Amino acid sequence: MKKKWVLRIAEYGVDLDGQRIDPDWLKGELSAWMARGGYITEMFNKENVVARCLEVSEDERGLLGVISHVDDYAAGKLADGIYKGLGVGIKNARVTKDGLAPNGVIVGGSVTDVSLLDEPMRYV
């Protein structure tokens, strides 16, 4: 059986772009993404599906993905610490002004991709 990895998908804080993601919106979008297969790519390359998300869970910091079926090459990068987390690709993101984040909160759009990344979203 392949190893399962638990990786952060998103945090609830403000990122280095001065934005944050509405958690309720993101949970709904990730649910729809999971219904489409929950496939995970490598570095937002949609031609290179390397894993599948089995479950999305939540902790006090944000959302986590349990992934499995990671191909051997990507698993090596995870084990070596090259890939540090997951990133969410959002098409047609809708951003509204927000008192907590200077550049607004993402409240809409479509999650088109979740990808293994060497530099996932960083938070201030």
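Predicted model: local features only at pLDDT ≥ 70, side-chain atom pairs only at ≥ 80, totals over all residues.
Residues are numbered from 1 along each chain as its sequence is written, and side-chain values use heavy atoms, with hydrogens and water left out.

I then turned to salt bridges (a side-chain nitrogen of Lys or Arg within 4 Å of a carboxyl oxygen of Asp or Glu), of which I found 6. Asp-24 meets Lys-27 at 3.8 Å, N to O, and the two are about one helical turn apart because they lie 3 residues from each other in helix 1 (residues 23-35); helices (H or I, at least four residues) and strands (E, at least two) are DSSP runs, numbered from the N terminus. Lys-27 also pairs with Glu-58 at 3.3 Å, which links helix 1 to strand 4 across 31 residues, and the shared partners join Asp-24, Lys-27 and Glu-58 into one network.

Next I checked Arg-8, whose salt bridge with Asp-59 has its closest N and O atoms 2.9 Å apart. Asp-59 sits in the loop between strand 4 (45-58) and strand 5, and Arg-8 in strand 1, 51 residues away. Arg-8 is buried at 19%, whereas Asp-59 is partly exposed at 22%.

Last, I looked at strand 1 (residues 5-11), where 6 of the 7 residues are buried.

How values were computed: Buried < 20%, exposed > 50% of the residue type's maximum accessible area, 1.4 Å probe, protein only.
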